[in-house]
Amino acid sequence: MSDRPIYLDCHATTPVDERVLAAMLPYFTQHFGNPSSISHVYGWEAEAAVKQTRSILAEAINATPEEIVFTSGATEANNLAIKGVAEAYYQKGQHIITVATEHSAVIDPCNYLKSLGFEVTILPVEKDGIINLNQLEKALRPDTILVSVMAANNEIGVLQPLAEIGELCRSQEIIFHTDAAQAIAKIPLDVQAMKIDLMSLTAHKVYGPKGIGAIYVRRRNPRVQLAAQQHGGGHERGMRSGTLYTPQIVGFGKAVEIALEEQKIECDRLTQLRERLWEQLSQLPGIHLNGHPTQRLAGNLNISVEGVDGAALLLGLQPVMAVSSGSACSSVTTAPSHVLTALGHSEQLAYASVRFGIGRFNTQEEIDKVAEYFISTVQSLRQQATFV
Ligand SMILES: *Cc1c(COP(=O)(O)O)cnc(C)c1O
């Protein structure tokens with residue numbers, strides 16, 4: 001393992017924690033039952049395990065277990081939230097509001113609805129990546145049925161003011177959805193205090209397995225309706241049919257349980273590592289921090305570098321560190337990140353950008369090694385550029 005590059009791409013995904021894997025394993029072979037089988041012990045023990053994760057997730061966000069609907073991840077949860085609300089409420093209105101820096105799993109379902117005749121307002125963000133609440137308030141209309149604003153951004157780590165957004169939406173009886181894929185068990189989330197009606201979650205960004213997520217669907221004050229996007233056996237109160245994937249669900253619960261237990265300490269540790277990395281990198285001239293300096297995820301550092309080609313920089317860094325520019329989800333294209341462009345960066349600067357996602361298994365020695373190599377790589381690329 002040690003000769004492989006240092007992994008600093010924790011916004012793309014994280015390794016499964018050994019403790020999570022250990023909790024999952026018995027559910028592949030021993031407790032393999034179908035949680036919907038109600039007539040024997042195989043079903044009961046699987047159902048008990050699923051129930052436990054439901055409780056852990058509910059407690060993590062101050063919801064009730066009945067309000068948790070399992071999905072294959074946050075992409076599916078976002079699709080279910082946005083298309084599910086559109087289909088259930090289109091007679092009330094056909095206007096949806098979201099934000100320019102959202103994940104493509106929010107932007108694309110909104111664009112799809114637009115192609116069906118819905119109207120979509122895409123709010124800009126301020127230079128620091130945070131939305132302007134006055135602008136949001138002005139965008140709300142009598143026919144607005146949904147506001148979708150993410151909790152924590154996957155590229156620049158910026159945290160949106162959920163409680164203020166929730167307050168605005170609730171006062172006008174508009175459903176508020178938040179994509180909390182990057183936020184769950186990393187920052188405090190409370191669907192009551194923040195007046196959140198729908199929340200998308202995923203396991204693989206918090207050291208759980210890939211392929212499992214959930215959506216919180218508010219049942220009271222107000223009760224939110226979602227039109228199912230996948231039909232079948234009527235699982236998950238009819239909102240998402242399909243046999244529950246017990247091992248993944250067990251892993252999801254364990255991952256969130258651990259992350260919550262360690263949340264405070266880990267947040268402080270990651271903040272320290274992030275600051276240490278930034279202190280060193282910012283000694284280079286022509287380096288810019290992207291996003292709000294403090295209102296961001298502890299493990300996120302996103303910077304733009306002047307005077308180097310973005311692709312050349314990433315190529316130069318590859319032997320020592322696994323980082324990315326923009327998000328993994330859109331990295332098939334070489335276009336500048338839509339998130340950085342939304343901050344008002346020129347295309348050139350948006351392109352020469354690097355996202356560091358520091359996580360649970362990174363050490364201070366790794367951070368120092370990364371900083372040193374990063375600085376020398378930028379310096380040599382800049383030198384080469386002057387000789388051309
Ligand atoms: C990773 C991510 C997603 C997609 O989640 P999957 O579980 O991989 O489908 C959606 N939104 C945000 C903000 C993300 O970071």
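In which helix is the place of Ala-385? In this predicted model, Ala-385 belongs to helix H13, which covers residues 364-387. With a relative accessibility of 42%, Ala-385 counts as partly exposed, since that class lies between the limits of 20% for buried and 50% for exposed. The C-alpha atoms of Ala-385 and Glu-257 are separated by 49 Å in space and by 128 residues in sequence.

The chain as a whole contains 13 helices and 12 strands. Its C-alpha atoms occupy a box of roughly 75 × 55 × 35 Å along the principal axes. The radius of gyration is 21 Å, in agreement with the value near 21 Å for a compact globule of 388 residues. Of these 388 residues, 54% count as buried. Among contacts between residues at least 6 apart in sequence, 74% join residues at least 24 apart.

Two helix pairs were examined. Helix H3 (residues 41-61) packs on helix H8 (residues 246-261) at an angle of about 35°, and the two axes are 9 Å apart. The crossing of this pair, H3 and H8, is left-handed. On the H3 side the contact involves Ala-46, Ala-49, Val-50, Gln-52, Thr-53, Ile-56, Leu-57 and Ala-60. These meet Thr-246, Ile-249, Val-250, Phe-252, Gly-253, Val-256, Glu-257 and Leu-260 of H8. Sorted by class, the residues in the contact of H3 with H8 comprise 11 nonpolar, four polar and one charged. Glu-257, on the H8 side of this contact, is the residue whose C-alpha lies 49 Å from that of Ala-385.

The second pair consists of helix H4 (residues 74-89) and helix H5 (residues 104-115), which pack at an angle of about 30° with axes 9 Å apart. H4 and H5 are therefore roughly parallel to each other, because angles under 35 degrees fall in that class. Their crossing, that of H4 and H5, is right-handed. H4 contributes Thr-75, Asn-78, Asn-79, Ile-82, Lys-83 and Ala-86 to the contact, and H5 contributes Ala-105, Val-106, Pro-109, Cys-110, Tyr-112 and Leu-113. The classes represented in the contact of H4 with H5 are eight nonpolar, three polar and one charged residues.

Several loop residues were also considered. Arg-296 is located in the loop between strand S9 (287-289) and strand S10 (300-305). Its relative accessible area is 5%, so Arg-296 is buried. Apart from residues up to four places away in sequence, Arg-296 touches Ile-156, Gly-157, Val-158, Leu-159, Arg-274, Leu-289, Asn-290, Gly-291, Leu-301 and Asn-302. One of these, Leu-159, is 137 residues from Arg-296 in sequence, with a C-alpha to C-alpha distance of 5.1 Å.

In the loop between strand S8 (213-217) and H8 lies Pro-222. The peptide bond joining Asn-221 and Pro-222 is cis, with omega about -5°. Asn-221, in the loop between S8 and H8, has a positive phi of about 50° although it is not a glycine. Asn-221 is exposed, at a relative accessible area of 58%. A positive phi of about 50° is also found at Lys-195, which is not a glycine. Lys-195 is placed in the loop between strand S6 (175-179) and strand S7 (198-202). The relative accessibility of Lys-195 is 22%, and the residue therefore counts as partly exposed.

Terms used. Residues are numbered from 1 along each chain as its sequence is written. This is a predicted model: local features need pLDDT of at least 70, side-chain atom pairs count only at pLDDT 80 or more; totals for chains, interfaces and linings use all residues. Side-chain values use heavy atoms; hydrogens and water are left out. Axes are lines fitted to C-alpha atoms, for helices over the stretch in contact, and angles run from 0 to 180 degrees between N-to-C directions. Helices (H or I, at least four residues) and strands (E, at least two) are DSSP runs, numbered from the N terminus. Angles under 35 degrees count as roughly parallel, over 145 as roughly antiparallel, 65 to 115 as roughly perpendicular and the rest as oblique. A crossing is left-handed if the near helix is turned anticlockwise from the far one by less than a right angle, and right-handed if clockwise. Contact means heavy atoms within 4.5 Å. Ala, Val, Leu, Ile, Met, Phe, Trp, Tyr, Cys and Pro count as nonpolar, Asp, Glu, Lys and Arg as charged, and the others, Gly among them, as polar. The radius of gyration is taken over C-alpha atoms; the globule rule is 2.2 Å times the number of residues to the power 0.38. Buried means under 20% relative accessible area, exposed over 50%, partly exposed in between (1.4 Å probe, protein chains only).
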